[in-house]
Amino acid sequence: MANVNTDGESHHVSQEEDFSETYAGSLDAQDPLRRMRSEFFIPTKVQLKANTLPEAVIESSEFESQEQSIYLCGNSLGLQPRLAAIRLKQYLTTWKTQGVFGHFKPLEESPLPTWLHADAEAADKVAPIVGGKITEVAVMETLTANLHLLMSAFYRPDINGRHKIILESKAFPSDHYAVESQIKNHALSPSTSMITIEPPSATQSTISTELILSVIAEHATTTALLLLPGIQFYTGQFLDIPKITAVAREAGIFVIWDLAHAVGNVPLQLHDWDVDAAAWCSYKYLNAGPGSIAGLFIHERHSGVSTSIDGKKFVNRLSGWWGSDKESRFAMENKFVPIPGAAGFQLSNPSILDITSLNASLEVFQKAGGLVPLREKSLKLTAYLESLLDRHIRNADLFEIITPREKDQRGAQLSLRLREGLLDIVMKELEDRGVVTDERRPDVVRVAPAPLYNSYSDCYRFVVAFDEALDIARTATEKGLLAEGIKNLEVTS
């Protein structure tokens with residue numbers, strides 16, 4: 001029986017050896033990034049069952065002795081880095097002791113930037129993760145707000161020429177809402193100005209590069225903008241960003257990528273790939289905390305500031321004072337001259353609370369050596385999970401993996417589509433076993449081993465729990481029971 005070791009090479013082990021806690025532990029022992037797990041708080045099973053905040057708070061000595069949950073939900077919300085609480089406490093101390101001076105006054109022996117420069121430090125740390133120049137990256141706002149800001153600057157439709165926006169039909173709803181509202185804001189109709197890329201059939205959820213390129217070709221002369229996800233949230237498919245970008249730009253189309261599920265998950269080279277613009281959130285694989293500050297990329301060709309006899313020349317955008325040139329910002333003159341680069345698209349001063357949390361997580365990324373070693377581990381971790389799901393589930397007829405099998409066409413996530421009617425029961429059984437994944441209705445369980453803190457043992461334990469959950473679900477459906485009526489069912493052998 002072939003399997004993949006931590007060097008990514010095939011070797012032969014028996015099916016019994018492969019599917020064991022001991023074997024998973026041996027893979028963890030060989031993992032050069034295993035130390036990174038201790039940089040995060042992994043909720044314990046006891047904590048997840050708590051119904052009050054005091055119940056969830058436990059002493060550190062007790063915390064270490066409790067069994068950790070199997071947390072495979074970094075695609076939805078990343079775990080809290082231990083460093084976050086330390087940095088946030090330092091920020092609160094600065095605010096407490098310095099007040100407004102915290103904006104400008106650097107403190108010796110403090111690892112924190114002054115608040116005036118906190119966003120620039122975050123951009124400096126994020127730039128290598130997205131593959132952009134520092135001047136092409138800004139840490140600001142939220143994901144959908146940034147998409148709106150980008151479209152307000154670069155979507156200039158002409159109903160007699162280019163007016164269409166292409167996106168996928170299964171895009172995250174917020175992207176749909178943003179596109180529809182932008183089209184309506186220009187007094188156009190989504191029925192004629194919004195083109196959606198449909199999967200080829202009801203049973204095939206992924207969309208091929210060839211299909212995307214064919215839609216671009218069909219609407220090339222009338223399309224103004226293309227908005228696609230780097231990684232599709234439902235299927236986990238990693239789209240071919242450089243190829244799609246090149247074809248679209250050659251056709252004269254402005255290209256924006258939603259990188260919510262890609263940033264911190266897969267290596268990106270936005271500048272070298274010639275991407276026009278991109279936006280992302282920071283609470284998934286970047287582990288900055290729920291709803292934390294987002295970011296955007298704008299290629300340098302779109303964000304320059306030049307001087308002519310008529311004054312400063314730059315792309316018009318929805319403007320705010322934090323995007324104005326730092327040298328003149330506090331002069332309070334009502335004459336907007338943007339900072340050259342993506343920072344010139346900022347509006348208001350950013351939340352330092354958010355940026356402090358984000359910077360703490362980005363420090364952890366630096367400790368890990370960046371995206372290259374993380375991607376190496378991620379490929380092995382997800383392949384191991386895939387292998388276990390393929391070969392060690394007794395009820396294999398009850399689900400299918402809809403994420404592409406090719407490793408270069410996916411990130412950390414595997415999406416498991418269940419047979420109709422099983423989702424509620426399976427999710428309840430997983431939760432009862434201390435397994436944290438998430439669902440996307442009507443029938444998909446998303447499982448995402450994040451290489452910063454997940455282990456091969458997590459993948460093994462998930463498969464054991466998932467197999468038991470499927471067993472319960474099969475028995476329950478045969479007996480006509482719903483999720484709330486299965487408490488007394490036992491796992492069959």
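This is a predicted model: local features need pLDDT of at least 70, side-chain atom pairs count only at pLDDT 80 or more; totals for chains, interfaces and linings use all residues.

Visitor: Good. So which residues line the second largest cavity?

Guide: Its lining is made up of Gly-264, Tyr-285, Asn-287, Phe-365, Leu-374, Ala-450, Pro-451, Leu-452 and Tyr-453.

Visitor: And what's the class make-up of that lining?

Guide: There are 7 nonpolar and 2 polar residues around the second largest cavity, and no charged ones. The space inside comes to about 60 Å³.

Visitor: How many cavities of 30 Å³ or more turn up in the whole structure?

Guide: The search finds 2. The largest cavity has a volume of about 130 Å³. It is lined by 15 residues, and Ser-110, Leu-112, Pro-113, Thr-114 and Trp-115 are the closest to its centre.

Visitor: Which helix gives the most to the lining of the largest cavity?

Guide: That's helix 13, residues 352–368, with 4 residues. By class, the lining of the largest cavity splits into 8 nonpolar, 6 polar and 1 charged.

Visitor: OK, pockets now. What volume does the largest pocket have?

Guide: About 560 Å³. It has 23 lining residues, and those nearest its centre are Phe-41, Pro-43, Leu-79, Gln-80 and Pro-81.

Visitor: Which helices each supply at least two residues of that lining?

Guide: Helix 5 (60–65) and helix 6 (82–98) both do. Helix 6 gives the most, with 4 residues. As for class, the largest pocket is lined by 14 nonpolar, 7 polar and 2 charged residues.

Visitor: Switching topic: strand 10. Are its residues buried or exposed?

Guide: Strand 10 covers residues 295–298, and all of them are buried. Gly-295 and Phe-297 point one way, while Leu-296 and Ile-298 point the other way.

Visitor: What does strand 10 pair with over 4 bridges?

Guide: Strand 9, residues 277–280, in the antiparallel sense. In that pairing, Ala-278 stands opposite Phe-297. Strand 4 (residues 137–139) is also joined to strand 10, by 3 bridges, and that pair runs antiparallel too.

Visitor: And which residue of strand 10 does Ala-138 stand opposite?

Guide: Leu-296. To put the strand together, Leu-296 has Ala-138 across from it, and Phe-297, which points the other way from Leu-296, has Ala-278 across from it.

Terms used:
Residues are numbered from 1 along each chain as its sequence is written. Side-chain values use heavy atoms; hydrogens and water are left out. On a 1 Å grid over the protein atoms alone, a cavity is a set of points where a 1.4 Å probe fits but cannot get out, and a pocket is an open set with protein on both sides within 12 Å along at least five of seven lines; lining residues have an atom within 4 Å of a point. Grid points are joined across faces, edges and corners, and a volume is the space filled by probe spheres set on the points. Ala, Val, Leu, Ile, Met, Phe, Trp, Tyr, Cys and Pro count as nonpolar, Asp, Glu, Lys and Arg as charged, and the others, Gly among them, as polar. Buried means under 20% relative accessible area, exposed over 50%, partly exposed in between (1.4 Å probe, protein chains only). Two strands pair if DSSP finds at least two bridges between them.
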